[in-house]
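User: Please take me through the structure shown below, in questions and answers.

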Amino acid sequence: MIGDVLGSILMAIGAMLMVVSALGVLRFPGPVARLHAATKAASAGLALVCLGAGLALGGPALPLMVLVALFQLLTAPIAGHLLGRAAHDADDGAAGRLVRDDLGDLPRPSAPGPSGEAAPFPWGSWLLLTVAWTMLWGDLSVGTVLGGAAASVVVVAVVRPGERRIGVRPLGLVRLLGTFTTALVRGTIDVAAEVLTRDDSGIRQAIVRVAVPGMSREALVVTALAVTLTPGSLAVEIDVAEECLFVHVLHYDEDATDDDIRLIAERARDALGTRVSRA
Amino acid sequence: MITEIVLAVLTIAGAIALVGVVRAPSAAERMIALDLLLLVLAAGIAVWAVLEQRPAFLIVLVVVSLVAFVGTVVVARVIEAREEIQ
């Protein structure tokens, strides 16, 4: 019963977020600005609808829907980042819309190889695959888990993910999630208000170069994903060698923008220092 | 009752996204709107499964969200490749 009520509320909020997102895609000026509306509000909307449906249906549907929601929140920033750089490069009108453009015509940075030594067996990937398998089946029986573990060994052997040893700090991770959730909620409300009131005066698009020194490659990527999932900012380019991110922002503010992004970056660095960088 | 209303709201979102697909001025903007349409479709399937009380529908949703991601990545690469040729 509680599940039904909570599920309905989540589904209703999610559906409304999707309408807001669709209006934003129709109204925002330029492809990258539209991407802002599509990647965040719609993904958050789908995640909420999925969780709501999982709660309302119960049983094996719940873990399956949690899996879909997590998958969406992980893939949306990746797709947004890729499409963001491509759309910016292909957009002839970009210069006229941006108040500041640090990226300009810079060529794509080369991606250096991963840091640290390769793990002998990618336990992390194997564990994630096994958990995903179990959630897809929605059933925690010995047979399912063992079947998933066996299938994951095959996948890991074929794909050979180049997993590196990453040191995760639990407390740092919690703080990263906290910062991130706050930014997500605040930004979503801002964008929704903008779309609904049809007030474009607050939109000042810019691409800002944010230096994030002292980060491992992995922490830099996590930072880029968190920044992209945060409404109002989208990491269009990651330069590992120069230790900086190029972030497209919807509401450029000379004083605040850099600090906001750097805060997320610092939290990511606290959460994911690699063993190599800590030594 | 609420489930029906949610489905109606999602239909509106889908209709707006469809307008976005048709009126998009560039390939990138069309892809953005199309991706959004797929996400709305996925959400619609979830709500429909609740309405009909049929969890079996949900596996379709898994496929749709996978296809939406792969499709977006592929189109992003196509747009990039086109830029390089020019």
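Predicted model: local features only at pLDDT ≥ 70, side-chain atom pairs only at ≥ 80, totals over all residues.

User: Is A:Ile207 buried or exposed?

Analyst: A residue is buried if 20 or more other C-beta atoms lie within 10 Å of its own. A:Ile207 has 23 C-beta neighbours inside 10 Å, and therefore counts as buried.

User: Which residue stands opposite A:Ile207 in β2(A)?

Analyst: β2(A) is joined to β1(A) by 3 bridges, and the two run parallel. Apart from neighbours within four places in sequence, the contacts of A:Ile207 include A:Leu98, A:Arg100, A:Asp102, A:Val236 and A:His248. The residue that stands opposite A:Ile207 is A:Asp101.

User: How far apart in space are A:Ile207 and A:Thr130, C-alpha to C-alpha?

Analyst: In sequence, A:Ile207 and A:Thr130 are 77 residues apart. In space, their C-alpha to C-alpha separation is 40 Å.

User: Which strands of chain A stand at the edges of the sheet?

Analyst: The open sheet has 4 strands with mixed pairing, in the order β1-β2-β4-β3 (chain A). The twist from one strand to the next averages 25 degrees. Two strands have a single partner strand each, so one side of each is left without a neighbour in the sheet; these edge strands are β1 (98-101) and β3 (233-239) of chain A.

User: At what angle does helix α3 of chain A run to β3(A)?

Analyst: Helix α3 (residues 61-90) of chain A lies across two strands of chain A, β3 and β4 (244-249). Relative to β3(A), the helix runs at about 80 degrees.

User: Why is α2(A) described as largely enclosed by the rest of the structure?

Analyst: Helix α2 (residues 31-57) of chain A reaches 37 Å from its first C-alpha to its last, close to the 39 Å expected at 1.5 Å a residue. Just after α2(A), A:Gly58 takes a positive phi of about 70 degrees. The helix is largely enclosed because its buried residues number 27 of the 27.

User: Which helix of chain B gives the most to the side that touches chain A?

Analyst: The contact takes 41 residues from chain A and 39 residues from chain B. On the chain B side, α1 (2-23), α2 (27-52) and α3 (58-85) each supply at least two residues. With 15 residues, the helix that gives the most is α2(B).

Note on methods
Residues numbered from 1 in each chain as written. Chains lettered and ligands numbered in written order. Expected span 1.5 Å × (residues − 1). Buried ≥ 20, exposed ≤ 12 C-beta atoms within 10 Å, placed from the backbone. Contact = placed C-beta atoms within 7 Å. Pairing = 2+ DSSP bridges. Axes fitted to C-alpha atoms, helices over the stretch in contact; angles between N-to-C directions.
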